[in-house]
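Thank you all for coming; I would like to take a few minutes to go through one structure with you. Please have a look at the sequence and the model first, and then I will talk through the parts in order.

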Amino acid sequence: MPPSNSWSESIERFRRRAGRLHADTGSASLEFLTVGLLMLVPLVYLVLAVSAIQAGSLGVEGAARHAARVAVLTADDPRAAVERAVHVSLDDYGITAGEASVTLDCDPGCREPGARVRVDVVARVALPLVPELPGLEQVGSVTVQGTATQTVSRFAGAGS
């Protein structure tokens, strides 16, 4: 019994559809590259931005800790020594020290035995690949803050 006409038409339609599927050969790699690039570029920028912010956070935290330690050990007025310590520490992390602000708080006094010395360092970290144009300073940077507290030794000033 020969196949019916509708049966052979169905088989022919199936072959045409299968033929169209073979026409897409090779487009998957192009789609993968296009979508991959579109998703990879923002992901790489996100990693760079988070890395810059993390490095800035570590820099100001280290600068505050170093400055508080210097303030506790300095025999004279600690303000100049704290400023120098913060500038050196921030330079190590590539942060412009002129853009940072330093606050020194001594309770009750910076040389009193048992006094608590607190140093706050605030700086702005520039995001990568943001051009330095007027008005983009606030948008293209992130403020990071570090705080450290040290206690003046109860034997401070006893030897002098």
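I will begin with the overall shape, then turn to the core, the disulfide and a few places in the loops.

Before that, please keep in mind that this is a predicted model, in which local features need a pLDDT of at least 70 and side-chain atom pairs count only at pLDDT 80 or more, while totals for chains, interfaces and linings use all residues. Residues are numbered from 1 along each chain as its sequence is written, and side-chain values use heavy atoms, with hydrogens and water left out.

The protein chain has three helices and three strands, where helices (H or I, at least four residues) and strands (E, at least two) are DSSP runs numbered from the N terminus, and along the sequence they follow the pattern α-α-α-β-β-β. The radius of gyration, taken over C-alpha atoms, is 32 Å, well over the 15 Å that the globule rule gives for 160 residues, so the chain is more spread out than a compact globule; that rule is 2.2 Å times the number of residues to the power 0.38. Along its principal axes, the C-alpha trace spans about 120 × 35 × 20 Å. Of the 160 residues, 26% count as buried, and by buried I mean under 20% relative accessible area, with exposed over 50% and partly exposed in between, using a 1.4 Å probe and protein chains only.

Now to the core. A nonpolar core here is a set of buried Ala, Val, Leu, Ile, Met, Phe, Trp, Tyr and Cys residues joined through side-chain atoms within 4.5 Å. The largest one has 25 residues, and those touching the most other members are V82, V86, L90, L104, V117, V119 and V121. Two or more residues come from each of α2 (27-73), α3 (78-92), β1 (101-107), β2 (116-126) and β3 (141-151), and α2 gives the largest share, seven residues.

What does L90 touch, leaving out residues up to four places away in sequence? Taking contact as heavy atoms within 4.5 Å, L90 touches G59, V60, A63, I95, A97, A100 and V121. A71, which is found in helix α2, is buried at 1% relative accessibility, and, with the sequence neighbours up to four places away again not counted, A71 touches P78, V82, L104, R111 and V117.

The structure holds one disulfide, defined as a pair of cysteine sulfur atoms within 2.5 Å. C106 and C110 form it, with their sulfur atoms 1.8 Å apart, and the link is right-handed, with 75 degrees about the S-S bond. Both cysteines are buried, C106 at a relative accessible area of 16% and C110 at 14%. A cis peptide bond joins D107 and P108, with omega about 5 degrees, and P108 lies in the loop between β1 and β2.

Finally, which loop holds L129? L129 is found in the loop between β2 and β3, where L129 has a positive phi of about 65 degrees although it is not a glycine, and at 73% relative accessibility L129 counts as exposed. Q138 has its place in the loop between β2 and β3 and is exposed, with a relative accessible area of 57%. The C-alpha atoms of Q138 and R20, 118 residues apart along the chain, are separated by 54 Å.
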